[in-house]
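Here are some notes on the model you asked me to look over. Have it open while you read.

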Amino acid sequence: MPRPCWLLLIFGGLTTGLLTYLAGWPVLFFGGLSAGIALAYAIPPIQFGYGSGAVGEIGPLVAFGYLPVLTSFYAQSGTLTPLVLWAALPVALLVALVGLYYQLISWRQDWRLRKRTPVVILQPQLVLDIGAVVIGVGFAGVLVLVGTSQLPAWSLLGLGALPLALGPYSHVRRNLSTLLESLALLRSTIATTATMGLLLTLALWLDKGL
């Protein structure tokens, strides 16, 4: 695993420890579960993200999409509600898409090595279609949650990340014949995920403050 990843894990462990001290043991449980899934996804001997097909993408969705939201919600409120699962869905879907698009970078090599990654199984053309659907569902989810008053109206700020998500689709080819096209998709999805998360956080702060 690259050094920045280890640094982020260490930082996450320290902050989890602090939140556990302040809010209680469930924070440690959720944080530890998230880290455990992430390590099992990418590191041998388990490394279930490589060779388990589309099922492997459930790991990032849970570890980096749902569990951090559950942790932060519990740390602030001391409780959990079904609403958290729905509110976390837009960001969780984008997190899973980051993992899927990451595999586009090496899919030809994975195919030669007979690794059964989702991209090898589905092929890039279908992965692009799935990605477009995931992006649409994620952003539509924000609209639905606001429309049903499950999230404050300020959450519509999250839609501001949509241009970042759709930008590369205007010029990439469906066969992704160059590495630069795959990298552009990956970078835009990472930027979209981070931007949406920040905008939704800002929306909740604005709603609480106003």
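The points below go from the overall picture to single residues.

1. First, a reminder that this is a predicted model. The chain comes out with nine helices and zero strands, so by the DSSP definition used here the elements are helical runs numbered from the N terminus. Read from that end, the order is simply α-α-α-α-α-α-α-α-α.

2. Some totals for the chain. Of its 210 residues, 38% are buried. If you take contacts between residues at least 6 apart in sequence, 64% of them join residues at least 24 apart.

3. Which residues touch the most other members of the largest nonpolar core? They are Tyr-101, Leu-104, Leu-185 and Met-196, in a core of 28 residues. Helix H4 (82-102), helix H7 (124-147) and helix H9 (179-209) each supply at least two residues of this core. Apart from it there is another core, made of six residues, with Phe-30, Ala-63, Leu-70 and Val-84 among them.

4. Now H7. The buried residues in H7 include Pro-124, Val-127, Leu-128, Gly-131, Val-134, Ile-135 and Gly-138. Further along H7, Phe-139, Gly-141, Val-142, Leu-145 and Val-146 are buried as well. When you look at that pattern, keep in mind that an α-helix has 3.6 residues a turn, so residues three or four places apart point the same way. Just after H7, Ser-149 takes a positive phi of about 65°.

5. Also in helix H7 is Gln-125. Gln-125 counts as partly exposed, because its relative accessible area is 31%. The C-alpha atoms of Gln-125 and Arg-174 are separated by 5.2 Å, although the two residues are 49 residues apart along the chain.

6. Is Ser-34 buried or exposed? Ser-34 sits in helix H2 (residues 25-42), and it is buried because its relative accessible area is 12%, with the cut-off for buried being under 20%. Leaving aside neighbours within four places in sequence, Ser-34 is in contact with Ala-63 and Leu-67. Ala-63 also belongs to the six-residue core.

7. Last, helix H1, which covers residues 3-23 and holds Leu-22. Leu-22 is exposed, since its relative accessible area is 61%. Together with Leu-18, Leu-19 and Tyr-21, Leu-22 makes a nonpolar surface patch of about 480 Å². Beyond its neighbours up to four places away in sequence, Ala-23 touches Tyr-74 and Ala-75. From Ala-23 to Tyr-74 is 51 residues in sequence and 7.9 Å in space, C-alpha to C-alpha.

Terms used
Residues are numbered from 1 along each chain as its sequence is written. This is a predicted model: local features need pLDDT of at least 70, side-chain atom pairs count only at pLDDT 80 or more; totals for chains, interfaces and linings use all residues. Side-chain values use heavy atoms; hydrogens and water are left out. Helices (H or I, at least four residues) and strands (E, at least two) are DSSP runs, numbered from the N terminus. Buried means under 20% relative accessible area, exposed over 50%, partly exposed in between (1.4 Å probe, protein chains only). Contact means heavy atoms within 4.5 Å. Patches are made of residues with over 30% relative accessible area and no salt bridge: like charges are joined within 9 Å, nonpolar side chains (Val, Leu, Ile, Met, Phe, Trp, Tyr) within 5 Å. Accessible areas come from the Shrake-Rupley method with a 1.4 Å probe; for residues, only the protein chains shown count as cover. A salt bridge is a side-chain nitrogen of Lys or Arg within 4 Å of a carboxyl oxygen of Asp or Glu. A nonpolar core is a set of buried Ala, Val, Leu, Ile, Met, Phe, Trp, Tyr and Cys residues joined through side-chain atoms within 4.5 Å.
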